[in-house]
Amino acid sequence: MKQLRTASILATTLMFGLTACGGGATTTDAEDIQQVESALHGGRRDGGSPKFTVFAFTSQTSTGGQYTDGDVRLESITGDGETWDRDDLQTVRRATILVDDGVDATNGGHNLASGQGIESVPDRWAPQGPATVTPTSHDIAQSLGNFNLTSIVVTRENVGTASVEVRFDEPATTFFFWERGSKTSPTGANSDVLVEALDARGHVIASYKLLRSEYVDSGIAITTWNGAFSSPTTPTGTPPELGAAGLLLDTPVERLRLTSVQQGPGGTNDDGPDYKVIAAKPRRRGHHH
Ligand SMILES: [Ca+2]
Ligand SMILES: [Ca+2]
């Protein structure tokens, strides 16, 4: 589909170029090249809106073996007929908490928290972000800026809105999401999150409500400690599992805004997404697995 659309844009661009040139070189070669480049690299000359589509992927992970509640390191991802090793992936570089107006009267803080595997600090297998129920934007970036799948953003379910903007170093079209749900959820996930793509000026150019039903159970169990409480709540409890869902965007972006809402009975309830997001690096030309 994507290739067909690109081919169509390219054909239109080339025809336009030929027509324009027919009367005597009103379009320069440089402009022609720019149009073709733009069509090839996802520029949108057809006036359509960028769109997200969901795809399934599988996660290959490893543990050091020393701790049962320690690190779970992502090794590679397979999906959509492709494989991405860690070298092909980029983690979040920066994060900004935009809104977090829920109040957790019991544990402190708002709805957002930084979570880590219960024994992930002594476990040297992979780095992780902090454990805190009062995270700063830097803490959130630390939670997401590694390949440790136990190091996640946790969202609690008090009435309110939690919105975070994340940035990658390089523009990306392929995003991998994991959502910590429960062992009993058929998809692994048990929360929804609104994913918005932002352009360089911060304007929303595409949005997608990634539903808990759209994940695939990864079978990967993790534990989480956020500085106030842990999951599972008892050492003998069943650890939650991660659901996995990929999002493909038909134009590259460096910025995503991730938002969840909790309105209480009768309202919209995203039920506190607990997530990790990693993006694919741009593919080098001619480099395919
Ligand atoms: Ca660790
Ligand atoms: Ca969840």
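Predicted model: local features only at pLDDT ≥ 70, side-chain atom pairs only at ≥ 80, totals over all residues.
Me: What makes Asp271 count as partly exposed?
Reply: Asp271 has 18 C-beta neighbours inside 10 Å, and since a residue is buried with 20 or more and exposed with 12 or fewer, a count of 18 falls in between, so Asp271 is called partly exposed. Asp271 sits in the loop between strand 15 and strand 16 (275–280), and Asp271 has a positive phi of about 60 degrees although it is not a glycine.

Me: Why is Ser49 called exposed?
Reply: The count for Ser49 is 10 C-beta neighbours inside 10 Å, and because the label exposed applies at 12 or fewer, Ser49 counts as exposed. Ser49 belongs to the loop between helix 2 (29–40) and strand 1 (52–55), and its C-alpha atom is separated by 7.2 Å from that of Ala206, although the two residues are 157 residues apart along the chain.

Me: What makes Val153 and Leu144 count as being in contact?
Reply: Two residues are in contact if their C-beta atoms, placed from the backbone, lie within 7 Å, and Leu144 is among the residues that Val153 touches when residues up to four places away in sequence are not counted. Others in that list include Leu112, Ile140, Val164 and Tyr275.

Me: Which residues touch the most other members of the largest nonpolar core?
Reply: Of the 47 residues in that core, this holds for Leu144, Val153, Val166, Phe175, Phe177 and Val277. Strand 9 (residues 160–180) gives the largest share of this core, nine residues. In soluble globular proteins, nonpolar side chains tend to be buried together. Over the protein chain, 39% of the 289 residues count as buried.

Me: How do you know that the peptide bond from Ser231 to Pro232 is cis?
Reply: The omega of this bond is near 0 degrees, and the bond is listed as cis. Pro232 lies in the loop between strand 14 (230–231) and strand 15 (241–262).

Me: Where in the chain is the predictor's confidence lowest and highest among the elements?
Reply: The chain has three helices and 16 strands; among the elements, helix 1 (residues 2–22) has the lowest mean pLDDT, 39, while helix 3 (residues 137–144) has the highest, 99. Over residues 1–28 the pLDDT stays under 50, and over residues 36–45 it is likewise below 50. The protein chain as a whole averages a pLDDT of 88, with 82% of the residues scoring at least 70.

Technical notes: Residues numbered from 1 in each chain as written. Chains lettered and ligands numbered in written order. pLDDT = per-residue confidence, 0-100. Helix = DSSP H or I, 4+ residues; strand = E, 2+ residues; numbered from the N terminus. Core = buried A, V, L, I, M, F, W, Y, C linked by C-beta atoms within 7 Å.
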